[in-house]
Amino acid sequence: MKIMLSLFSFCLTISFLSAQQEYKLDERYTINQGGLFSLDTEDATVTITGSDRNDVSVKIFRKVTGKHYSNNKFELQIEERDGDLFIKEMRDRKGMNYTVHMNGEVEYTIDVEVPNSVALDLKGDDDDYKIRHINGNLKIAGEDGDIHLENINSDRAKINSEDGDVILRDFTGSLVLNNEDGDFKSHNSFYEDLDVEIEDGSIKIHNGSIANCNIETEDGDINIDASFDAQANINIVSDDGDININAAGHGGTYTIKFEDGDVDYTKSEFKLTNDTKRYRTLKTTRDGSVEVNIKVEDGDVDLSHKS
């Protein structure tokens with residue numbers, strides 16, 4: 001009897017919803033040029049676009065169809081503070097939120113337009129992000145979801161993701177990326193500093209240039225097809241995966257330490273200066289001060305360096 005009463009009491013704390021529920025917001029808010037826009041949400045498709053506007057346009061649409069059980073009412077906290085704008089999805093302070101869908105669906109979109117000089121601080125749980133035309137600093141902390149960045153100019157961009165792909169196009173600046181499970185793809189981007197750590201996922205960098213780079217992976221291939229700056233320092237550590245580098249621009253020295261795999265290189269573009277069972281040193285035929293250091297446990301290395 002005590003168990004049945006406890007279950008009955010538990011069920012009473014849940015609201016049973018069978019009709020459609022909608023939340024709509026279409027508002028404008030003030031923000032300083034160079035101010036901070038902060039967003040903390042769950043399960044949303046988020047689009048943020050920068051422009052020459054002076055305020056922030058926020059459009060949110062959330063629609064629940066079908067039947068679902070939930071102990072949590074959807075609510076947003078929006079605050080303009082000292083020239084910054086904060087939007088946060090409210091959650092149970094005890095951390096006991098739950099929603100069970102029965103033949104139901106949730107459509108949840110957030111479309112934001114901001115001045116392109118603002119900084120972004122984004123936190124998401126199962127959120128997908130599409131961010132374009134931003135010239136400020138960028139910070140994203142996501143658990144599950146893909147992140148797309150396009151036409152971003154950021155002195156300091158930091159992304160932490162647990163599960164999802166990170167895709168950059170036309171990025172300029174410095175990036176720190178930590179990703180547990182997902183691929184990193186970069187196209188036509190120019191990195192002053194690039195620091196990438198991925199546990200399970202591949203890395204593909206196509207076009208653009210790199211000045212300083214630290215890459216570390218546990219399981220996944222690394223493909224770099226880009227130019228290296230005159231004083232570039234490139235460090236790559238891989239436990240399990242192939243490494244392919246097709247570099248252009250300034251030459252330099254490549255040092256490769258490997259345990260199980262082959263090291264191949266284009267003979268017309270490199271001169272072998274040191275060769276042991278687990279160690280190779282190569283010098284490009286083109287002069288330069290680039291330093292590339294590669295350490296791989298289980299995987300092949302294939303190198304080319306075009307003038």
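Helices, of at least four residues, and strands, of at least two, are taken here as DSSP runs numbered from the N terminus. On that basis the protein, a predicted model, comprises 1 helix and 23 strands. Of its 307 residues, 40% count as buried. The accessible surface comes to about 16,100 Å², and carbon and sulfur atoms account for 42% of that area. Among contacts between residues at least 6 apart in sequence, 48% join residues at least 24 apart.

Confidence was examined next. The mean pLDDT is 89, and 87% of the residues reach 70 or more. Residues 1–20 have a pLDDT below 50. Beyond near neighbours in sequence, this stretch still has 22 contacts in the model.

Thr 41 belongs to strand E3, residues 36–42. The side chain of Thr 41 makes a polar contact of 2.6 Å with the side chain of Asp 127. Asp 127 is also one of the residues that Thr 41 touches beyond four places in sequence. Others include Val 46, Glu 89, Arg 91, Tyr 108 and Ile 110. Lys 123, Gly 124 and Asp 125 are likewise among them.

Ala 230 sits in strand E16, which spans residues 222–240. Beyond four places in sequence, Ala 230 touches His 250, Ser 289 and Val 290.

The structure holds 5 aromatic pairs. Tyr 254 and Phe 270 form one that is edge-to-face, at 5.0 Å centre to centre with 90° between the planes. Tyr 254 lies in strand E18 (residues 252–260) and Phe 270 in strand E20 (residues 270–276), so the pair ties together parts that are 16 residues apart in sequence. Both Tyr 254 and Phe 270 are buried.

Tyr 23, Phe 74 and Tyr 108 form one aromatic cluster. Tyr 108, a contact of Thr 41, also has a charged residue over its face: Arg 62 lies there, at 5.6 Å from the ring centre. A further case involves Lys 267, which lies over the face of Tyr 265 at 4.5 Å from the ring centre.

Definitions and conventions. Residues are numbered from 1 along each chain as its sequence is written. This is a predicted model: local features need pLDDT of at least 70, side-chain atom pairs count only at pLDDT 80 or more; totals for chains, interfaces and linings use all residues. Side-chain values use heavy atoms; hydrogens and water are left out. Buried means under 20% relative accessible area, exposed over 50%, partly exposed in between (1.4 Å probe, protein chains only). Contact means heavy atoms within 4.5 Å. Accessible areas come from the Shrake-Rupley method with a 1.4 Å probe; for residues, only the protein chains shown count as cover. A polar contact is a pair of N or O atoms within 3.5 Å; within protein, one must be able to donate a hydrogen and the other to accept it, and residues adjacent in sequence count only if both atoms are side-chain atoms. pLDDT is the predictor's confidence in each residue, from 0 to 100. Rings of Phe, Tyr and Trp (its six-membered ring) pair if their centres lie within 6.5 Å; planes under 30 degrees apart count as stacked, over 60 as edge-to-face and the rest as tilted. A charge sits over a ring if NZ of Lys or CZ of Arg is within 6 Å of the ring centre and within 35 degrees of the ring normal.
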